[in-house]
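These are my notebook entries on what I looked up, kept in the order in which I went through the topics.

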Amino acid sequence: MDMDISPKLAKKVYGGDGGTYYAWPPSELVMLKEASIGASKIALEKRGLALPSYSDSAKIAYVLQGSGRAGIVLREATKEKVVAIKKGDTIALPFGTVTWWYNPEDTELVVLFLGDTSKAHKTGQFTNFQLSGSTGLFTGFSTEFVSRAWDLPEAEADKLVKSQSNSGITKLKEGLDLPKPSEEDRVGMVLNCEEAPLDIDIKNGGRVVVVSSQNLPLVGEVGLGGDLVRIDAHSMCSPGFSVDSAYQVTYVIRGSGRVQIVGIDGKRVLETRLKAGCLFIVPRFFVVSKIADADGMEWFSIITTPNPVFTNLAGSSSVYKALSPQVLEAAFNAAPEMEKLFRSKRTKDAVFFPPPN
C-alpha cells in the first residue's frame with residue numbers, strides 16, 4: 001500500500017471573534033477519501049455560536065473540551081432539542097439533522113465531528129449547509145422568493161436578507177441568550193463516555209467505553225460505532241484488527257506515544273509518533289498497535305460499522321491461542337519448546353498490557 005497514512009493535524013477553514021472551524025482536507029489525509037470519512041472540529045470562544053446548519057453526511061460529535069449547549073432538530077421534528085454538553089459527551093447526528101452549538105462559558109468549547117461521506121458531494125469531506133448568515137441558504141433566494149415563502153412584505157424581506165453578515169460562526173451580542181437546556185431532551189441523545197460504564201478495565205493498562213446502538217440508539221441510524229480509549233503510562237494496546245471490513249478513524253485527545261500499523265504481505269506501513277490533536281485512519285483488516293509515553297494516551301475513534309468487533313493478536317483473547325499447538329509449530333517453523341513458551345505468555349492480560357516491571 002503506497003498511500004500516505006501518517007497522522008495529520010487539522011487546518012483552519014474559517015473563523016472570527018466567536019470561534020474557528022477546522023477540517024482535515026482529504027488532499028493531505030488521503031485515507032479520508034479512500035475510507036469515505038469526513039473529519040472536522042469547531043472551537044468556540046465565550047458567547048461563540050455556530051449557526052444552525054445541516055450536513056450532507058451522517059456524523060458522530062464528540063466534545064473534546066469545555067461545556068455549553070447544543071440545539072438539535074432531527075428529521076421531521078417540529079421542535080428542537082436543547083441539551084447541555086460537556087467534555088466526554090457523544091452525540092449521533094443522522095442525515096438531515098440541523099444543529100447549532102453555543103459556548104456560554106469562559107473555557108473554550110471544542111467539538112470533534114467524524115462521519116460517513118459516502119453520499120456526500122465531496123468524498124472525504126463534509127459540506128455544511130448554513131440556514132442563515134452570509135453563506136446561508138436564506139441569502140441565496142431573491143427578495144421576491146423570500147417574501148412569498150415567508151409571507152413578508154418585500155421591504156422587510158430585503159432588509160432580512162441583507163442583514164445576514166455572519167459566516168458560520170458568530171459571537172452572541174451582550175444581553176442576548178439562547179434557550180436553556182433540558183434534561184429530558186438529553187435522554188437517549190447524549191452518552192458521556194467519561195461517565196459511562198467501562199467495557200474494558202485493565203489495572204495499570206487501560207480502559208475502554210464502546211459507543212454502539214446499545215447505549216446510543218441513534219448510532220444505528222448513523223451507521224458508525226465508536227470508542228473512547230485511555231491507556232496508562234508506558235502501557236501497550238494489543239495488536240488487533242477490525243473483523244467486519246471497517247475502517248478505524250482515531251483522534252488523539254491527550255498524551256503521546258507510538259503507533260505501528262502492519263498491512264498486506266506483512267509490510268509495516270506506518271511507524272510514527274502520536275500527539276494530541278492528530279488524526280489517522282487504519283485501513284480495513286490492517287493490524288494496529290500503540291504504546292503510550294510517560295503521560296499516557298487518550299483517543300476517540302469511530303469505526304465504520306455501528307457494532308464493531310475486533311480480533312486481538314496478543315493477550316488472553318489472542319487468536320493465536322485458539323490455534324492448536326501443532327498448527328503453531330508448523331506455521332512458525334518453531335520447536336515445541338518455543339511454541340509452549342509463546343503460548344504460556346499473556347494468559348491473563350487482555351487488550352492492554354501494563355509496562356514491564
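In which loop does Arg47 lie? I found Arg47 in the loop between strand E3 (37–44) and strand E4 (48–55), and I note at once that I am reading a predicted model.

Entry 1: I looked up the backbone first, and Arg47 has a positive phi of about 70 degrees although it is not a glycine. I keep in mind that most residues other than glycine have a negative phi. Arg47 counts as buried because its relative accessibility is 14%, the cut-off for buried being under 20%. I then looked for a charged partner and found that Arg47 forms a salt bridge with Glu174, with 3.9 Å between the closest N and O atoms. This pair links distant parts of the chain, since Glu174 sits in the loop between strand E12 (169–171) and helix H4 (183–186), 127 residues apart from Arg47. Glu174, at 69% relative accessibility, counts as exposed, whereas Arg47 counts as buried.

Entry 2: Asp265 is a residue other than glycine with a positive phi, near 60 degrees, and I located Asp265 in the loop between E18 and strand E19 (268–275). Is Asp265 buried or exposed? With a relative accessibility of 79%, Asp265 counts as exposed.

Glu339 forms a salt bridge with Arg343, where the closest N and O atoms are 2.6 Å apart. Both residues belong to helix H8 (residues 336–344), and because they are 4 residues apart there, about one helical turn separates them. Glu339 is buried, with a relative accessible area of 5%, while Arg343 counts as partly exposed at 22% relative accessibility. I also noted that Arg69, Asp177 and Lys180 are joined into one network by salt bridges that share partners.

Entry 3: Gln248 is found in strand E18 (residues 248–262) and counts as buried because its relative accessibility is 10%. Leaving out residues up to four places away in sequence, I found that Gln248 touches residues including Phe280, Val288, Ile302 and Phe310. Phe141 is in the loop between strand E11 (128–130) and helix H2 (143–150), and at 44% relative accessibility Phe141 counts as partly exposed.

**Entry 4: the whole chain.** I counted 8 helices and 23 strands in the protein chain, whose C-alpha atoms fill a box of roughly 90 × 40 × 35 Å along the principal axes. Of the 357 residues, 48% count as buried. Among contacts with a separation of 6 or more, 74% involve residues 24 or more positions apart. The accessible surface comes to about 17,300 Å², and 52% of that surface belongs to carbon and sulfur atoms. Finally, the mean positions of the 40 positive and 41 negative charges are 4 Å apart.

Definitions and conventions
Residues numbered from 1 in each chain as written. Predicted model: local features only at pLDDT ≥ 70, side-chain atom pairs only at ≥ 80, totals over all residues. Heavy atoms only, no water. Helix = DSSP H or I, 4+ residues; strand = E, 2+ residues; numbered from the N terminus. Buried < 20%, exposed > 50% of the residue type's maximum accessible area, 1.4 Å probe, protein only. Contact = heavy atoms within 4.5 Å. Areas by Shrake-Rupley, 256 points an atom, 1.4 Å probe, with all protein chains shown as cover. Lys, Arg positive; Asp, Glu negative; His and termini not counted. Charge placed at Lys NZ, Arg CZ, Asp CG, Glu CD. Salt bridge = Lys/Arg side-chain N within 4 Å of Asp/Glu carboxyl O.
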